[in-house]
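Open the model in your viewer and keep the sequence panel beside it. The stops below say what to select and what is there.

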Amino acid sequence: MNTKTYALVILLTILITYVSEAQIQQIDDDGAIHVPSFILPESQFLSNESKAILKEQRAYKVRAWEEMKRACPPLKEGANLEERQQYRECLATHFYTTPLYKKTIARYPIDIEIDTINGVYTEVFTPKKGITKENQNKVLISLHSGAFQFDSRTASRIESIPIAALSGIKVISIDYRMGPEYQFPAASEDVAAVYKSLLEEYEPKNIGIYGTAGGGQLVSQALAWFQKENLPNPGAVGMIGMAAAEPRPKTDAMHIVSAIEGYEGIAPFSVFEPYYGSDPDFDDPLLVPLNSEEILSKFPPSLLIVSTRDFHMSSVVYTHTQLVKLGVEADLHVWEGVGHVFTANVELPESREAFDVIVNFFKKHLE
């Protein structure tokens, strides 16, 4: 056996041994990949401070859920409108007693005023020190998270308070109509109603709109609705944790992160069904603006924020790609190692970084 043949035999022996011991990846004809079970450690890019805060958050999560259920027993199936309203009021009352809310108002001092704008309930947040001189002619609209079912007057405050305090700009959070009492396009109509009223006081170039999770998707739907109603574009928008795609995409992030978070096998659309209905028309660009290049191409400067452990990461990144392709000025920021709506924990360094990004974006684009 010559030297070359001997070397080849050795190489083949090593390769056969490696393949026999390794778990061979299986890929179906349709491209579906069978992924073996594995352990996902915390990202090495997380700071020690972030790791400690996330550990505390995990420990508190179950206890907080139990405390909330004791304070506000879950609604029974078929609950009427009055019962649902009472339940949401109970959730809000309980929420204001939680460490999360107390830490938020302690870190970011603001004043809160209740207002009805064009028939829509809103909460108005202004910095304790007052609106700065250069921001007297500017206003931000905040659209809350909660899959069009929850989070009004609760998480909506966490999404509004830091931005108002840090920016020196008035922030108006809209308590838009939600499911199952109301269905699409009720929320878009409510955003448009408030926006029309604000246009009587503010130039459109001085109005910014941002939303988190379901509220991020609502930002895109509202822009599509504005176009339908021939309303002028706002000066800039921000979409956080969701964007212009439908809520049930078959994407890498949806499958991978759902498995990581323990949601594997749960229909990702089900939580949105009370608002969208059981058989929504996902081809309708007013519901899914990503379907229309014409609508997307008219978006104002857009900020997109997401994280690597967010099941909507692919949708947000893809929305950014399409906006850029159509010539829209769009900024994408992705945070490593944190989950869906990580900004809900105001103690996280990543959240504080995101707040600064949001504030600086609107300061840059609102005149």
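## First stop: α2 and α3

Helices α2 and α3 cross in a right-handed sense; a crossing is right-handed if the near helix is turned clockwise from the far one by less than a right angle, and left-handed if anticlockwise. To find them, select residues 81-95 for α3 and residues 48-71 for α2. Helices (H or I, at least four residues) and strands (E, at least two) are DSSP runs, numbered from the N terminus.

This is a predicted model, in which local features need pLDDT of at least 70 and side-chain atom pairs count only at pLDDT 80 or more, while totals for chains, interfaces and linings use all residues. Residues are numbered from 1 along each chain as its sequence is written, and side-chain values use heavy atoms, with hydrogens and water left out.

The axes of α2 and α3 come within 10 Å and cross at roughly 130 degrees. Axes are lines fitted to C-alpha atoms, for helices over the stretch in contact, and angles run from 0 to 180 degrees between N-to-C directions. The two helices are therefore oblique to each other: angles under 35 degrees count as roughly parallel, over 145 as roughly antiparallel, 65 to 115 as roughly perpendicular and the rest as oblique.

Show the side chains of E67, M68 and A71 in α2 and of C90, L91 and H94 in α3, which make the contact. Contact means heavy atoms within 4.5 Å. By class, this contact has four nonpolar, one polar and one charged residues. Ala, Val, Leu, Ile, Met, Phe, Trp, Tyr, Cys and Pro count as nonpolar, Asp, Glu, Lys and Arg as charged, and the others, Gly among them, as polar.

Stay on α2 and select S50. Is S50 buried or exposed? S50 is buried, with a relative accessible area of 0%; buried means under 20% relative accessible area, exposed over 50%, and partly exposed in between (1.4 Å probe, protein chains only). Leaving aside neighbours within four places in sequence, S50 is in contact with L348, P349 and E350.

## Second stop: α4 and α5

Select residues 99-107 for α4 and residues 155-167 for α5. Their axes are 10 Å apart and the helices pack at an angle of about 15 degrees. The pair is therefore roughly parallel, and α4 passes α5 in a left-handed crossing.

On α4, show L100, Y101, T104 and I105; on α5, show R157, I158, I161 and P162. These contact residues divide into six nonpolar, one polar and one charged.

Next, select residues 214-228 for α7 and residues 186-198 for α6. The axes come within 9 Å and cross at roughly 65 degrees. That makes α6 roughly perpendicular to α7. The crossing of α6 past α7 is right-handed.

Which residues meet here? From α6 they are A187, S188, E189, V191, A192 and Y195, and from α7 they are L218, Q221, A222, W225 and F226. By class, the residues of the contact divide into eight nonpolar, two polar and one charged.

A193 also lies in α6. At 17% relative accessibility, A193 counts as buried. Not counting residues up to four places away in sequence, A193 touches N118 and V120. For a distance check, pick the C-alpha atoms of A193 and A164: they are 22 Å apart in space and 29 residues apart in sequence.

Now select L143 and F226, the residues with the most contacts inside the largest nonpolar core, which has 53 residues. A nonpolar core is a set of buried Ala, Val, Leu, Ile, Met, Phe, Trp, Tyr and Cys residues joined through side-chain atoms within 4.5 Å. Helix α6 supplies the largest share of this core, eight residues. A second, separate core has 33 residues, including Y108, I158, I240 and V357.

Then select S142, in strand β5 (residues 139-143). S142 is buried, with a relative accessible area of 1%. Apart from residues up to four places away in sequence, S142 touches E159, S160, V171, I172, S173, I174 and Y210.

## Last stop: the whole chain

The C-alpha trace spans about 90 × 50 × 45 Å along its principal axes. Of the 367 residues, 47% count as buried. Among contacts with a separation of 6 or more, 75% are between residues 24 or more positions apart.
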